[in-house]
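I opened this structure for a first look. My notes cover rings and charges.

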Amino acid sequence: MVALTVAFLTGSTLLIVTASAQPIGLADEFSSPGTAAVLDADEAPGDELALPMATATRADGTSVTVVGVPANAAESWNVPPPPPEDGFVRGEGGTDPIRLEGESGTVDGAVEDRNEPSLLPPHWYVTTPETVAELGTTDTLALTDDEAHVPATGVPLRSALGFFLAGQSQLLAVMGAVVSGGAVLVAVTVYSVTRMGVRDRLATIRTVRATGATPRDVLGIFALRSAVITAIGIALGYALGVILPNAALSAAIFLGFPTALDLGLTTQALYILAPTYVGLVLIGALAGAGAAWSAIRDPPAQLSTTTEGSRRSGLVLLDWRTLVPTTATLSVFMSVVFVVSALALTAAPVATAGGSTISQPGTAHPVNSQVPAEYADALQADGIDASAEIIGFAVVDGEPFLTRGADYEAFSTVTDAELDQGRAHETPDEAVIGVSLARTLDVEVGETLLLGGSVENGLTRVTVVGTYTAPGAHEDQLLLSFLPLSISATWTLARSTSSGPTNPSTGTRPPPR
């Protein structure tokens with residue numbers, strides 16, 4: 001039992017570490033040069049670069065974001081400098097004079113166009129901090145050069161690497177729960193087996209204790225015996241956990257399945273497995289000592305080999321203590337089943353045959369795929385449900401998730417998504433969030449989210465206007481009207497020939513529209 005438990009833990013750890021290390025290696029070049037967070041207007045930003053922000057309304061009733069940039073900020077950060085006179089800088093929308101109405105006042109000014117990409121999204125209005133103060137400062141955007149890929153608060157300026165690092169941490173956290181269950185299983189097994197050994201040797205124990213052995217000697221012998229048994233089981237389980245997955249991998253390669261996994265023992269896997277093995281040996285020793293406790297708590301003359309239990313109607317009723325190992329073993333087994341089932345159900349929409357994904361043939365990696373957006377129009381004209389999408393990686397307050405630039409109606413046709421609250425997104429400042437992700441981020445309809453770039457440095461902020469339900473992993477994503485080039489990762493096209501869910505794909509981003 002110990003060997004099988006350790007084999008399962010070892011094989012699972014090697015697979016998780018190896019599988020998660022590959023995307024981390026690919027995304028290593030996308031490390032973030034800094035982080036960003038939105039603070040209250042009256043909150044001191046500390047050593048960070050503080051950019052005051054205001055929410056204003058144009059004459060046509062459209063709500064816009066205005067950010068104040070100090071004159072010297074552009075020297076150290078890739079942000080557009082404010083205009084030399086009162087006015088605004090914007091990456092889209094022409095250069096006509098406008099009037100913006102804020103919480104504290106109204107400002108008239110000309111708009112200068114900017115064509116070069118920057119850290120700030122093109123639909124934000126950039127001006128001086130003094131102009132923002134006239135409109136009424138509502139928030140402060142704090143930028144720091146802290147190279148934290150997974151910040152506990154705020155977002156990285158480039159999220160691709162942090163997305164995979166946070167995902168690996170979550171997988172290892174799940175593995176930690178499985179390891180805890182395995183430890184319980186080992187403890188119960190060793191205790192039960194040692195307990196039987198103690199009962200079989202009560203006569204010997206009585207004689208040894210009567211001739212001078214101390215209770216500590218008896219406990220030490222059984223603790224050492226249990227530790228040795230556990231260590232032998234760990235050694236055998238380690239061998240099985242390394243040999244069997246590699247044998248399966250070799251068989252897959254022989255049968256022609258493409259794979260780049262290398263299930264060798266890495267340093268990271270060793271950091272996880274070594275403490276686990278040591279802990280299991282200690283747990284085995286404690287379980288052995290606990291099983292021998294009943295043999296040393298009473299004087300030697302009172303030790304008895306009489307079978308406990310009472311006899312009724314020819315049946316022997318087991319002692320109530322048999323419920324402990326039985327319940328613990330079944331609980332651990334069911335917990336492992338639930339974890340595996342949950343992972344399978346989460347991955348089901350990704351692997352289902354109910355839909356398919358179009359990507360460029362012969363691409364070395366899906367991220368490099370180039371798929372024209374017109375494919376979706378052609379498929380829809382033939383009566384096939386299709387959704388052209390841009391995928392981005394995001395990390396918010398330490399939580400990783402995917403963002404999708406997609407039309408909600410098209411997305412819902414290939415994923416069976418249904419609006420739960422609110423409405424679909426319509427403008428670049430709006431988003432619809434899956435109900436599962438909304439619970440994780442503690443976000444409700446009407447609240448705002450700050451997003452960092454995906455494979456390029458960037459920032460944007462969106463207002464959640466609705467929530468949706470969808471099968472499996474689709475419910476843990478954020479839908480946007482579009483993703484600016486600075487925060488997009490890949491251009492995708494998913495299609496479905498049925499009403500079932502489709503698996504997401506990757507492609508290459510098109511120019512921003």
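My entries on aromatic pairs, salt bridges and a charged patch follow.

**Entry 1: aromatic rings**

I kept in mind that this is a predicted model. I began with the rings and searched the whole structure, which gave seven aromatic pairs. I looked at Phe163 and Phe164 and found an edge-to-face pair. Their centres are 5.1 Å apart, with 85 degrees between the planes.

I then checked Phe164 against Phe393. Their ring centres lie 5.2 Å apart.

Where do Phe164 and Phe393 lie? I traced Phe164 to helix α4 (residues 160-200) and Phe393 to strand β13 (residues 385-396). The pair therefore ties together parts that are 229 residues apart in sequence.

I put Phe163, Phe164 and Phe393 down as one aromatic cluster. Is Phe163 buried or exposed? Phe163 is buried, because its relative accessibility is 16% and the cut-off for buried is under 20%. Phe393 has 14% relative accessibility, so I logged Phe393 as buried too.

**Entry 2: salt bridges**

Next I turned to charges. I counted six salt bridges in the structure. One of them links Arg99 and Asp108, with the closest N and O atoms 2.6 Å apart. I found Arg99 partly exposed, at a relative accessible area of 48%. Asp108 is partly exposed as well, at 46% relative accessibility.

I moved on to Arg423. Its side chain meets that of Glu426 in a salt bridge of 3.9 Å, N to O. Arg423 also forms a salt bridge with Glu430, and there the closest N and O atoms are 2.6 Å apart. Which residues do the shared partners join into one network? I wrote down Arg423, Glu426 and Glu430.

I checked how open each of these residues is. Glu426 is exposed, with a relative accessible area of 61%. Arg423 is partly exposed at 34% relative accessibility. Glu430 counts as buried because its relative accessibility is 12%.

**Entry 3: a negative patch**

Which residues form a negative surface patch? I listed Glu85, Asp86, Glu112, Glu130 and Glu134. I followed up on Glu134 and found it in helix α3 (residues 129-135). Glu134 has a relative accessible area of 46%, so I noted Glu134 as partly exposed.

Methods: Residues are numbered from 1 along each chain as its sequence is written. This is a predicted model: local features need pLDDT of at least 70, side-chain atom pairs count only at pLDDT 80 or more; totals for chains, interfaces and linings use all residues. Side-chain values use heavy atoms; hydrogens and water are left out. Patches are made of residues with over 30% relative accessible area and no salt bridge: like charges are joined within 9 Å, nonpolar side chains (Val, Leu, Ile, Met, Phe, Trp, Tyr) within 5 Å. Accessible areas come from the Shrake-Rupley method with a 1.4 Å probe; for residues, only the protein chains shown count as cover. A salt bridge is a side-chain nitrogen of Lys or Arg within 4 Å of a carboxyl oxygen of Asp or Glu. Lys and Arg count as positive and Asp and Glu as negative; His and the chain ends are not counted. The place of a charge is taken as NZ of Lys, CZ of Arg, CG of Asp or CD of Glu. Helices (H or I, at least four residues) and strands (E, at least two) are DSSP runs, numbered from the N terminus. Buried means under 20% relative accessible area, exposed over 50%, partly exposed in between (1.4 Å probe, protein chains only). Rings of Phe, Tyr and Trp (its six-membered ring) pair if their centres lie within 6.5 Å; planes under 30 degrees apart count as stacked, over 60 as edge-to-face and the rest as tilted.
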